[in-house]
Each structure stands twice: as structure tokens, then as C-alpha cells.
Amino acid sequence: MKGIITGFSCSDHVSLTKAPAFVKVILFSFLSLFLFLLVRQFSSDITSVSNPTTPSRKFPMSFTSTPNQTTSAVAGENPPPSSSSPPTRQPGMAVERTGIIDENGAMTNDFMVGEFDEELIDSVVNGKNGSDEGLQSDENGGPLMGKIGKFRVCDESMRDYIPCLDNVEEISKLNSSGKGENFERHCPPKGKGLDSLVPRPKDYKLRIPWPKSRDEIWLSNVHTPFAKDKAGNTWVKRKGDKYIFPGDGTQFSQGANQYLDQISKMVPEIAFGERTRVAMDISCGIASFGAYLMDRNVSTLSIATKDVHNNQIQFALERGVPAMLAAFTTHRLLYPSQAFDLIHCSRCSINWTHDDGILLLEVNRILRAGGYFILAAEPVHRHEENLFAPFKEMENLTERLCWELLKEGDISIWRKPLNNSCYLSRAPAVQPSLCDAGDDPDNVWNVNLTKCITQLPGNGYGANVTAWPARLHSPPDRLFSIKMDAELSRREIYKAESRFWHDIIRGYIGAFHWKTLDLRNVMDMRAVYGGFAAALHDFSLNCWVMNVVPVSGSNTLPVLYDRGFIGVMHDWCEPFDTYPRTYDLVHAAALFSVERNRCNVTTIMLEIDRILRPGGRVYIRDTTPVIEELQEVAHALGWVPFKYDSSEGPHSNWKLLIGEKRL
């Protein structure tokens, strides 16, 4: 080698710096090869002395799916052949023998077993955790595993059972103050909740499709005192095996449509379906007001208490009208501030001026800035002082609330102010006073009513929503009032959620033929921003959605209402305030993986079964372990479950569970 170098450097007395370029390249190549071989030989000699069995430390990459093991691979690398020697540890590295492989990664029969609970192993091997009586949970009500037997069916007397409103034991213990505490939620204590399937009426029939159901329902599907009391009057008429709703009667003497036309003529600015999109009907009767507003693109939530006429809400839901049980009593309603563009009360038998107007102050909280309150009462003549006096009290109270009386008479209409200027200009002694600046008007779960006026946001949030239908996809300003981590990207997150559910629903329509399912009453158990409901509207599915915001997450209710939807706050560790057999479709995305850390998921599934109509469906998107657990519960409930890969593909940790509650 020395000769070669000498030859190139001195032969013919040619200087290396003056040699041609190709000669320099050849010389550099040979020199690099020489150095590489020299270093390799030197390294091999040392390695053979210190560790003669150590191969190259290139660890194999594998795409093989192994339980509880996450694998990775570098793009472009091919897996080595299976006959490759297992990698060994580096010299000096300590190896902890915790498995069935030796220090070189090879399988071995000589391994140590760590500590274990013999009783636990015995219970698993011998099936001691299995039970035909249903699942057992840990003391925290966490996830349930093991074989589940079929749930039994409750007694026939429980066919209309609402757990938190029919808790006779707890209600009987109340020291009532006359404020309606008996109409509030009194849920069974932990361990005494519903543990069986609520039965359906013996002659129950699949519901009549919308819009025909607005005018008639099956008599056999509503078996309660209201049906007997109201049959034969002008609200409800019995015809064969059906109840008929003529749309007129004592509530609307000229008919519901004529009544709505009259309101529009009195105050054209109400503009049903444009300026007014979301409404509330208090003590709704059989919800004809809301039923006929649907033709005018107004989504109306009809509410009433569960009282002597205790199934008017059941009638509304059977008709296919948005409704739920709620009471103006001692707690805030479970709706956010500035939720409703219009609130209607026709002969609702509520004394609005009682107790310093505390109930009307709650109406003021949930009424949007610039929104309308309509009070339709029995005709009152001014010479009947004993009847006219209550209305004068109402006028006095609304004046102190800064409401503007637009129309007075058998139908009186007020408008709420757009800002706080009127409130701030009142004399200091005027009551009711303004609520403290620290009061959160959107905090509604188990919050007592207070005798104060809810202040409006100084930035105009809530008052500046766009008209329908533009508000459906326009990110509202109150998006930035939500308590959550993201600050600058909220609009992008909002739009991304809408796009995500648009794609998902398009897939459901194609794969599961949603347009042929005749969906009407739909619940989204974890609505977030309402992207699921927006997608149903975009694809013209003729249904309404009860958007539920769980207490375990961020309070996005203001955004849902600004978007033009209805919704409610709820804790899914407790039953929901509605009748059995309410919904055609119950949807839950990423709900159970959160709630299983708070309560028993089987209890939630039992509640879904209670509110799901026979013939209805449940769609649950969640992680694979959760879906596998829920699939077992679904079998125990008597559903017909199907498990599918999510749209992310078969290797995604997200799966879809569909349950059918067949009649």
C-alpha cells in the first residue's frame, strides 16, 4: 500500500496538487476504503475479546399486533427474516427478569413469577365473578366486567316510571314550603336505583310517523290518568284506537295556526323562523303551540310538571314534539342564560308576582336579550277589579325588570332589554336588585333560585346572534365564554366538529340507511357544540334533537342555543327527566369512557333502555375496551347489538356499537 501511495505521489515527478481530477477521486476512494477496513479490523479484535457473542445492535421493527403492546416502524424499512438472532443487551446493562424471555430476548422455561393475588386468580379461573343477576361494580361504581345474565322486567305498574320524579319514599319525607318541592328531582340513593327493565304497555304499537303523529297517536301507547281526564274534550278526541288532536280547543279557540298568525300581526318583529328560532312553552298542555311552530322553522321546548295531569308531556313526546318535564319551583331550570328567543305562557296557572317575582326572574335569566315574553290569559275586563289586580301587579314587576310592554290584552307581549343601561339607571332602592358580578348565570346544576336580576354581558354576547338559518353554522361569540383550555383556536375546533359529524352522518345514511328509519325524537347524550344535530339538519332528516351537555364536561349549552338548538344540562350518573319510550335514537360519542370513572355504566345503559322506544336504536362510539364491555351489557338488556370498526379503520382504538331494541 505504501508503494502505491509513493507511486502516485512521486512517479514521473508529478505533483499531487497538479494531478487530474479523476486521479484525485481514485486516490481519495482508496484511502477511505483502507481506513474503513483498518478500523473495522481493530474494532472486531477488541469486541471478540470482551464479548464474543454480541451481534450488531439493530433492533427489528414489527407490525405484528400484540395485545397490550404498542409497536412502531420506520417508513421504508422492511422487517427482518424470522430467523434473525434475538438482540442482546449492551454490556453493563442490568436486566430485570420479569417475563418469559431471557436476557438475550429468547423464550425460556426458566423464569420468575411476581407476586399475585391467589383469591383473584381463583375467582377468574372458577368464574366466581360471573352472575346471572346482572353485573356487580366496585365500591366506586366503576367499570364492570364478567358474564352478565339477562335483566328481569319490572312490575307492570312501573310502565310509566320516572325514577327521580316518582320517588315516593323521598317525596314523602319533604317538609314542603308550598313552593313545589314535590315536583323537583328526588333521585333514588346509590344502590337503590332502577335495576330492571321498564315494561311497555301490553298493546303497545310502533309510533305513527311524523307529521301524521302531530294530529293522532295510538291510544294504547299512553296509559295514564291524563288520557282518561282529557278524552272527549276539545283538546283531545278519541276516535277508535287513536287520540286525535284537532289543533284548536280551549287553548286556541280559533286554532293554533290562527293564534300564531295573530301574534305575528301584533308584533311583526317576532319574525318566526328568522329572528325567533328557539322558543319555550310553559305548562304546554299537549304542546300544540310547539307542534304548529315547527312548520315555521321554530324549535319549541314544551315543559310542564308531573302533576294531576301527569302525562301531558308524554302526549307531546308521542306526537313527536320536543318536550321534557321541568318545574318552576326552588331551583334554576337546567337551561343556560339567554337561551330562548321567545317564552310563551298560555293559562299556565303560575303566579309570576309571588315571592317578590322570583319565578319571573328565572324567566328573565333564560330569556335572550331583546327576546319576547307572551302571556295569554283568560279574558279580563277592566271593571272586574278582583281579576284585573293581578295583571296590574304583573305590569309593575315587569316595569322594574325593564321589560317593555308592547301589547296589552288577552294576549300581552313584553320585550326584554338588549343591555344593562336601564338596570343601571334605576334608583338604588328599586327591587329586585342586580345579581352580584360573580354570579354565573349559566351555572344551573342544583343551583337555588335567587331574587336578583341577571346582568347581561357588557360585550353583547347572546344578544348579537345572527338570524336563522345563518346561525346554524356561524360560530357564536359565546363560544369564547366557555371554560376550556383552547383559547385562540375555538372557531376552528367548532368548525372541525361540524365537518367531522357531517362526514359521519353521511356515512350512516349510506351504510345504515338512516333516511328510511323514520327517526323523529333523537337524543345526543354528549352534544359538545351540536355538530351531530347540525348534520342531521343539513341532510334533511325530519327529526329534532335533545342535546345533552353532561356535568362532567365543559358547559357548551350557551353555544347550542345560540346555534338554534335546544338542550339541557344533565348528570348521567342519575336518571333523565322524561317518560319511558321517549326517543327513537339515542346517540353517545366518547361518553362512557368518561362516565365509567364516575358511575356504573350498566346503570346508564339501563336508563337508555328506559327512555328508548321499542323499535329504537342506540349508536355508541367509544374506545375498544368500553365498546366490548357495553356489547355484553347490550345483550343482557335484550338488544340486538352489532359492533363495527369506526371510520378511522380497523386498527383504530375507536369502535361503533349499534343496539336495536326490537319490538
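A short exchange on the model follows.

Q: What should I know about the model before reading numbers off it?
A: It is a predicted model: local features need pLDDT of at least 70, side-chain atom pairs count only at pLDDT 80 or more, and totals for chains, interfaces and linings use all residues. Residues are numbered from 1 along each chain as its sequence is written, and side-chain values use heavy atoms, with hydrogens and water left out.

Q: How many helices and strands does the protein have?
A: 17 helices and 19 strands. Both are DSSP runs numbered from the N terminus: helices are H or I with at least four residues, strands are E with at least two.

Q: What share of the residues is buried?
A: Buried residues make up 46% of the 663. Buried means under 20% relative accessible area, exposed over 50%, partly exposed in between, with a 1.4 Å probe and protein chains only.

Q: And the exposed area?
A: About 34,000 Å², with 54% of it supplied by carbon and sulfur atoms. Areas come from the Shrake-Rupley method with a 1.4 Å probe; for residues, only the protein chains shown count as cover.

Q: What about contacts?
A: Take the contacts with a separation of 6 or more: 67% of them are between residues 24 or more positions apart. Contact means heavy atoms within 4.5 Å.

Q: Now the 7-strand sheet. What is the strand order?
A: E15-E14-E13-E16-E17-E19-E18, in an open sheet with mixed pairing. Two strands pair if DSSP finds at least two bridges between them.

Q: Which strands sit at the edges?
A: Strand E15 (566–570) and strand E18 (640–645), each pairing on one side only. Neighbouring strands of this sheet are turned by 20° against each other on average, direction ignored.

Q: How does E14 join E15?
A: Strand E14 (residues 544–550) runs parallel to E15, with 5 bridges between them. Val549 has Met569 in E15 as its bridge partner.

Q: Which helices lie across the sheet strands?
A: Helix H16 (residues 601–611) is one of them, lying across strand E13 (521–524), strand E16 (583–589) and strand E17 (612–623). H16 runs at about 145° to E17. Helix H17 (residues 624–637) lies across E17, E18 and strand E19 (654–660), at about 160° to E17. Axes are lines fitted to C-alpha atoms, for helices over the stretch in contact, and angles run from 0 to 180 degrees between N-to-C directions.

Q: Switching to backbone. Where are cis peptide bonds found?
A: One joins Trp210 and Pro211, with omega about 10°. Pro211 is in the loop between helix H4 (168–171) and strand E1 (216–218). Another joins Gln431 and Pro432, with omega about 0°. Pro432 sits in the loop between helix H11 (421–425) and strand E11 (433–434).

Q: Which non-glycine residues have positive phi?
A: Among them are Asn446, at about 60°, and Ser540, near 60°. Asn446 lies in the loop between E11 and strand E12 (452–453). Ser540 is in the loop between helix H13 (531–538) and E14.

Q: Is Asn446 buried or exposed?
A: Asn446 counts as exposed because its relative accessibility is 59%. Ser540 also counts as exposed, at 61%.

Q: Last one. Which residues form the nonpolar surface patch with Leu35?
A: Leu31 and Phe34, and the patch has about 260 Å² of accessible area together. Leu35 is in helix H2 (residues 21–50). Leu35 counts as partly exposed because its relative accessibility is 45%.

How values were computed:
Patch = residues over 30% accessible without salt bridge, like charges linked within 9 Å, V, L, I, M, F, W, Y side chains within 5 Å. Salt bridge = Lys/Arg side-chain N within 4 Å of Asp/Glu carboxyl O.
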